[in-house]
Amino acid sequence: MTRVKICGITNWADAKLAVDAGADAIGLNFYAPSPRAVTPAAAWEIVRKLPPFVEAVGVFVNWSPATVDTLAGAIHLDAVQLHGDESPADVAVLAARHSVIKAFRVGNKFRASQLRGYREVAAFLLDSSRGGLWGGTGKNFDWSVARQAKRHGRIILAGGITPENVAEAIRAVKPYAVDVASGVESRPGKKDAAKLREMMREVERANLGLSRETQEHPRR
């Protein structure tokens, strides 16, 4: 069953909307130039109110492993998402202490073989590549690339996921999770309750369809 992470949460009201809609995880962005960025203090106010079984994921861009480790421990993050040019060595250091999601931007130069150097991670997040942005592009990429990448580990599918296309994405890729930010916003950094609910309904519908397909064709 595909899980759902709602990223770019900036306040408790939006976190609660995501939780109430049925999200499995929320993303807290510590990349200061992003319109969805939060301070460590604001993130802690959100994390401490989360119910059991909803994970808090911190999103970092080219922070030192020591600084990521310190902040993740201080505010009790469940996982860290590394969205920059972090080296395999730096990722390995953090993976020894935390659940790590390594993000990759899928552009013309991307090759799934790049993932082989990051064996310690819990999952890979694949996002679209656009004009130097570190995510939050709101654009799709060729999902066949994500299907190919699954041989290297769990795949979290990001990049332009919306209530209108999430069911198609799940059927096409069968990812471990989908990661959604702009697709459920009224504006950058502000979530839309109706879009969140519609997103979760579409995910549930897609998951139910995959479950039925597995029961009917267990060897596929």
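Modeller: Let us begin with Gly-58, whose place is in strand β3; helices (H or I, at least four residues) and strands (E, at least two) are DSSP runs, numbered from the N terminus. Please keep in mind that this is a predicted model, in which local features need pLDDT of at least 70 and side-chain atom pairs count only at pLDDT 80 or more, while totals for chains, interfaces and linings use all residues. Residues are numbered from 1 along each chain as its sequence is written, and side-chain values use heavy atoms, with hydrogens and water left out.

Biologist: Is Gly-58 buried or exposed?

Modeller: Buried means under 20% relative accessible area, exposed over 50%, and partly exposed in between, with a 1.4 Å probe and protein chains only. Gly-58 has 0% relative accessibility and therefore counts as buried.

Biologist: Which residues is Gly-58 in contact with, leaving aside its neighbours within four places in sequence?

Modeller: Contact means heavy atoms within 4.5 Å, and on that reading Gly-58 is in contact with Leu-28, Phe-30, Leu-77, Ala-79, Val-80 and Gln-81.

Biologist: How does strand β3 pair with strand β2?

Modeller: Strands of a sheet pair through backbone hydrogen bonds, either parallel or antiparallel. Two strands count as paired if DSSP finds at least two bridges between them; here β2 (residues 25-29) and β3 (residues 55-60) pair in the parallel sense over 5 bridges, and Asn-29 stands opposite Val-59 in β3.

Biologist: In what order do the strands close into a barrel?

Modeller: There are 8 strands in the barrel, in the order β1-β2-β3-β4-β5-β6-β7-β8, with parallel pairing. From one strand to the next, the twist averages 30°.

Biologist: At what angle do helices α1 and α7 pack?

Modeller: Axes are lines fitted to C-alpha atoms, for helices over the stretch in contact, and angles run from 0 to 180 degrees between N-to-C directions. Helix α1 (residues 12-21) and helix α7 (residues 193-216) pack at about 30°, with their axes 9 Å apart. Angles under 35 degrees count as roughly parallel, over 145 as roughly antiparallel, 65 to 115 as roughly perpendicular and the rest as oblique, and α1 and α7 are therefore roughly parallel to each other.

Biologist: Which residues of α1 and α7 meet?

Modeller: Leu-17, Ala-18 and Ala-21 in α1 meet Ala-193, Leu-196 and Met-200 in α7.
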